[in-house]
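Let's take a walk through a protein model together. Have a look at the picture first, and then we will go from one part to the next.

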Amino acid sequence: MISTPLLSILRTRIQQKYRTISYPRGTPPPLPDRFLGKPEIGSFSCPSGCDYCLKECPTGSLFLKEGKIHLDTGTCLFCGVCSKLCPAGMIQFGNEYRLAARERSDLLVSQVKGKDISDARHEMASRIFKRSLKLRQVSAGGCAACEADCNVLTTIGWDIGRFGIQFVASPRHADGLLITGPVTENMKQALEKTYRAVPHPKIVLAVGSCAIGGGPYRDHPEQLNGAGSVLPIDLYIPGCPPHPLTILDGILRFLDKIPGREEPWEL
C-alpha cells in the first residue's frame, strides 16, 4: 500500500509537469525585457559628433578606427549606457543571444556589416567531445555572477546534462576548463596548475567579460586582463554576466550540436 506522503509527492510531481526547456528542439525560452543582446551600430555617419558614447564607456569597449565606431563585446559590460547617451540612436542592443565566438576578433562589432552570428564550432571538440564533455569550472577572481549563471545550467529548468555536458570536481576527470573572472595575480598559479592537470586533448572556455578581457577591472595591476593572457582560449562567451541561454548556445554550437536553422535538429 502506498503511503499518504508518497502519494502527495507523486501528485505534486505530476502537477509540475515537464519543467526542462525544450530548446534547442523547440523555441528558446523568453528573455527578460531588460536583456541586452548583440549590439548593432548604424552604418550612417554620426550626425551629432558628440563622442559621449566613447567618453562614457566604463571599459573603453567603444573606440574609433579608421573613422568608424567599433564595439568590443569581449570587454563590453552590456550596461547600455552608450545606447542611452547617443542622441542619434547609432548604437542599439537587440535580443540576439548568440554571442559566442571561436575567434577573439569575431567579438568586434563595427559599422561595417559583418557576420550576424559568429562561428563557434571547434573541429577537435566536435569530433571528440560531442557525446560527452566534462568541464572543470574555475573562478579566477570572479564576482560570482558568471558562476551563478553557469550553475543555473545544471538545474532542472536547463539540464545541461541531457547533452552529455557535466561539471566535474577534479581537473583530472575533465576534458577542459570553463573559466570565469579576470584571473587575479593570486589565482594565476592555481589556474595554471589546474590546466596542467587536465589530460590531453583539452579545451578552454572563457565565459564573461572578465575572463575575456578583464571586465570592469581591465588594466588593474592585480589582475591579468582575462584568461587569454595565461592560457589558449578555444571559445569566447561574452556578457556581464552572459545569460544562461548565451552560455548554453555557445557550448552547443562549439560542439556542433546545433545545426543551421534550415537543418533538422539532432543530438
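A handy term to begin with: a residue is called buried when its relative accessible area is under 20%, exposed when it is over 50%, and partly exposed in between, using a 1.4 Å probe and protein chains only. What you see is a predicted model, in which local features need pLDDT of at least 70, side-chain atom pairs count only at pLDDT 80 or more, and totals for chains, interfaces and linings use all residues. Residues are numbered from 1 along each chain as its sequence is written, and side-chain values use heavy atoms, with hydrogens and water left out.

With 47% relative accessibility, Gly-228 counts as partly exposed. You can find Gly-228 in the loop between helix H7 (209-213) and E10; helices (H or I, at least four residues) and strands (E, at least two) are DSSP runs, numbered from the N terminus. Apart from neighbours within four places in sequence, Gly-228 is in contact (heavy atoms within 4.5 Å) with Ala-211 and Ile-233.

Now turn to the sheet. Strands of a sheet pair through backbone hydrogen bonds, either parallel or antiparallel. Which order do the strands take here? Five of them form an open sheet, E7-E6-E8-E9-E10, with parallel pairing; two strands pair if DSSP finds at least two bridges between them. At the edges are strand E7 (165-167) and strand E10 (235-237), each pairing on one side only. On average, neighbouring strands of this sheet are turned by 25° against each other, direction ignored. Such angles run from 0 to 180 degrees between N-to-C directions, and the axes are lines fitted to C-alpha atoms, for helices over the stretch in contact.

Let's zoom in on strand E6 (residues 133-139). E6 pairs with strand E8 (residues 176-180) in the parallel sense over 5 bridges. Within this pair, Val-138 stands opposite Ile-179, and Ser-139 has Thr-180 as its bridge partner. E6 also pairs in the parallel sense with E7, over 3 bridges, and here Leu-133 is partnered by Ile-165. From E6 the chain crosses through H5 to E7, a β-α-β crossover that is right-handed: with the strands pointing away from you, the path from the first strand over the helix to the second runs clockwise.

Next come the helices. Helix H5 (residues 145-152) lies across E6, E7, E8 and strand E9 (203-207), running at about 135° to E8. Helix H8 (residues 244-254) also packs on the sheet, where it touches E6, E7, E8, E9 and E10, and its direction makes about 160° with that of E10.

Which residues of helix H6 (residues 185-197) are buried? They include Leu-191, Thr-194, Tyr-195 and Ala-197. Seen down the axis of H6, the buried residues fall within an arc of 150°, so they line one face of the helix; the arc is that of the directions from the helix axis to the C-beta atoms. These buried residues pack against E6, E8 and E9, while the face turned away from them carries the exposed residues Gln-189 and Arg-196.

Finally, look at the cysteines. The structure holds 0 disulfides, a disulfide being a pair of cysteine sulfur atoms within 2.5 Å. For Cys-57, the nearest cysteine sulfur is that of Cys-76, 6.5 Å away. The sulfur of Cys-146 is 6.3 Å from the closest cysteine sulfur, in Cys-143, which is too far for a bond. Cys-57, at 18% relative accessibility, counts as buried, and Cys-146, at 12%, counts as buried too.
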